[in-house]
Amino acid sequence: MHPNVKRVKNMQSVFKRGEKKYLISSEQARSIETMLFGHMIPDRGDYWVQNLYFDNDNWDIVNTSMSKPYYKEKMRLRCYGSRESTNNVFLELKKKYAGIVYKRRIAMPMQSLDFPLEDVLAKDKSQIARELEFHIKSTQVKQKMFISYQRKALAGIGEDSALRLTFDKNVRYRLNELNFSNPEKGQLVFPEDSVIMEIKTSLSIPMWLARFLSENKIFGTSCSKYGTCFTDYWQNLSNTQERLITHV
């Protein structure tokens with residue numbers, strides 16, 4: 001008997017916010033953290049974020065996303081921390097329209113991963129579960145790529161309570177062992193000193209933060225972890241095939 005989709009107390013299941021990404025060095029990250037003292041507080045300690053991204057056999061989801069359309073969506077199954085340190089995983093449908101991110105998610109007990117995802121969703125009657133189920137059926141997606149990274153998260157305080165900032169490093173991916181057992185296992189895709197900083201808020205970026213970034217010449221960039229990992233995988237695959245052809 002498989003477990004039902006779980007309702008987690010105080011869990012936010014619907015998001016609408018702007019997200020801005022920056023590719024910075026570890027030195028810049030330390031400088032920003034120092035500046036944030038008094039404005040933000042640690043959301044939690046350093047932890048792994050593990051993701052299973054869904055796509056179809058033609059990789060249509062990631063290819064569409066990389067073409068930067070006005071609207072795009074992707075599904076992922078996410079685990080915060082290690083399999084041993086958490087009881088829940090989150091199935092998310094992340095949509096981006098006109099630069100605004102909309103995310104809808106449900107929490108599921110870790111043991112639900114032992115059963116077909118469609119069966120687990122069918123037990124839930126919520127609108128979000130129906131949307132997730134429809135996405136799977138209409139796009140024919142399945143778990144295709146594992147991506148993990150180490151994260152440090154900060155939350156705004158006072159009038160900046162809607163602000164959240166994350167630092168991600170050590171981004172890895174793999175196409176086998178699609179589970180949450182080994183977050184440190186996989187192919188690195190960014191330089192070792194690189195950090196991906198994300199500013200997330202339902203409001204505008206605070207003036208004090210925007211001023212600091214401008215003064216220190218820290219500018220936003222387009223940086224999709226899934227797109228970067230897929231590009232690296234495809235390039236490695238192409239290089240391997242080229243070497244095989246050369247040696248025939």
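The model is a predicted one, in which local features need pLDDT of at least 70 and side-chain atom pairs count only at pLDDT 80 or more, while totals for chains, interfaces and linings use all residues. Residues are numbered from 1 along each chain as its sequence is written, and side-chain values use heavy atoms, with hydrogens and water left out.

Gln 50 belongs to strand 2 (residues 40-55); helices (H or I, at least four residues) and strands (E, at least two) are DSSP runs, numbered from the N terminus. Gln 50 counts as buried because its relative accessible area is 0%. Here, buried means under 20% relative accessible area, exposed over 50%, and partly exposed in between (1.4 Å probe, protein chains only).

Thr 201, in strand 9, is likewise buried, at 6% relative accessibility. A polar atom of the Thr 201 side chain lies 3.0 Å from the backbone nitrogen of Leu 203. Beyond residues up to four places away in sequence, Thr 201 touches Arg 17, Gly 18, Ala 162 and Leu 163, where contact means heavy atoms within 4.5 Å.

Which residues of helix 5 are buried? In this helix (residues 207-215), they are Trp 208, Leu 209, Phe 212 and Leu 213. Seen down the helix axis, they fall within an arc of 130°, so they line one face of helix 5; the arc is that of the directions from the helix axis to the C-beta atoms. Met 207 and Glu 215, on the other side, are exposed. Just after helix 5 comes Lys 217, with a positive phi of about 55°.

Turning to the chain's earlier part, Ser 13 is found in the segment before strand 1 (14-25). Ser 13 is partly exposed, at 25% relative accessibility. Apart from neighbours within four places in sequence, Ser 13 is in contact with Lys 103, Arg 104, Arg 105 and Ile 128.

Tyr 71, in strand 3 (residues 71-80), is partly exposed too, at 39% relative accessibility.

Notes: A polar contact is a pair of N or O atoms within 3.5 Å; within protein, one must be able to donate a hydrogen and the other to accept it, and residues adjacent in sequence count only if both atoms are side-chain atoms.
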